[in-house]
Amino acid sequence: MTISLEHARTIIAATRAKGRELGLKPLSVVVLDAGGHVLAFEREDGAAPGRFAIAQGKAYGSVMLGMAGSAQMARAEQQAYFMAAVNGVYGGQVVPVPGGVLVRGEDGGVIGAVGVTGDTSDNDAEAAMAGIAAAGLKGEA
């Protein structure tokens, strides 16, 4: 199973809708495939222009490490040198905080990741999970 452009569009629309429902600040949402390539991205009106890099970094770290943002943050707190080294390996592209959500296929394998930024990291992750569920996929925050 792979994550499709149609999945990505659904995830983004539903993530943004959840953000509005919760009254979150303007969100930026990116969906990556299993290779870390961007399938789709949207930045809501009022979101800072630099949000793409943050959303992408959250998703990229998740897909490349096979670890959700919350697990990456816990690892960074316990083994800061390891996460610093990982970030060096990936050219500084990893943002190890919640809001980077793995997308898993029916067999449990990683098929992509979603990165959301704009509000608190926990709220970003909640919105991403709603988007992933709306696409009929399984998320791991």
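1. Let us start with one residue. Glutamine 56 has a relative accessibility of 12%, so it counts as buried (buried means under 20% relative accessible area, exposed over 50%, and partly exposed in between, with a 1.4 Å probe and protein chains only). Glutamine 56 sits in helix H2, residues 51-65. Leaving out residues up to four places away in sequence, glutamine 56 touches Val30, Leu32 and Gln93; contact here means heavy atoms within 4.5 Å.

2. A word on what you are looking at. This is a predicted model, in which local features need pLDDT of at least 70 and side-chain atom pairs count only at pLDDT 80 or more, while totals for chains, interfaces and linings use all residues. Residues are numbered from 1 along each chain as its sequence is written, and side-chain values use heavy atoms, with hydrogens and water left out.

3. Next, find aspartate 33 in strand S1, residues 28-33. Helices (H or I, at least four residues) and strands (E, at least two) are DSSP runs, numbered from the N terminus. Aspartate 33 counts as partly exposed because its relative accessibility is 21%. Setting aside neighbours within four places in sequence, aspartate 33 is in contact with Ile3, Leu39, Val63, Ile111 and Gly112.

4. Now look at the largest nonpolar core, which has 20 residues. A nonpolar core is a set of buried Ala, Val, Leu, Ile, Met, Phe, Trp, Tyr and Cys residues joined through side-chain atoms within 4.5 Å. Among the residues with the most contacts inside this core are Ile3, Val31 and Leu137. Helix H1 (5-22), S1, strand S3 (100-104), strand S4 (110-117) and helix H5 (121-134) each give two or more residues to the core, and H5 provides the largest share, four residues.

5. Beyond its neighbours within four places in sequence, leucine 137 contacts Met1, Ile3, His7, Ile11, Val103, Ile111 and Ile132.

6. Finally, how do two helices meet? Helix H3 (residues 69-78) and helix H4 (residues 80-89) pack at about 120°, with axes 5 Å apart. Therefore H3 and H4 are oblique to each other (under 35 degrees is roughly parallel, over 145 roughly antiparallel, 65 to 115 roughly perpendicular and the rest oblique). Axes are lines fitted to C-alpha atoms, for helices over the stretch in contact, and angles run from 0 to 180 degrees between N-to-C directions. Gln72, Arg75, Ala76 and Gln78 in H3 meet Ala80, Phe82 and Met83 in H4.
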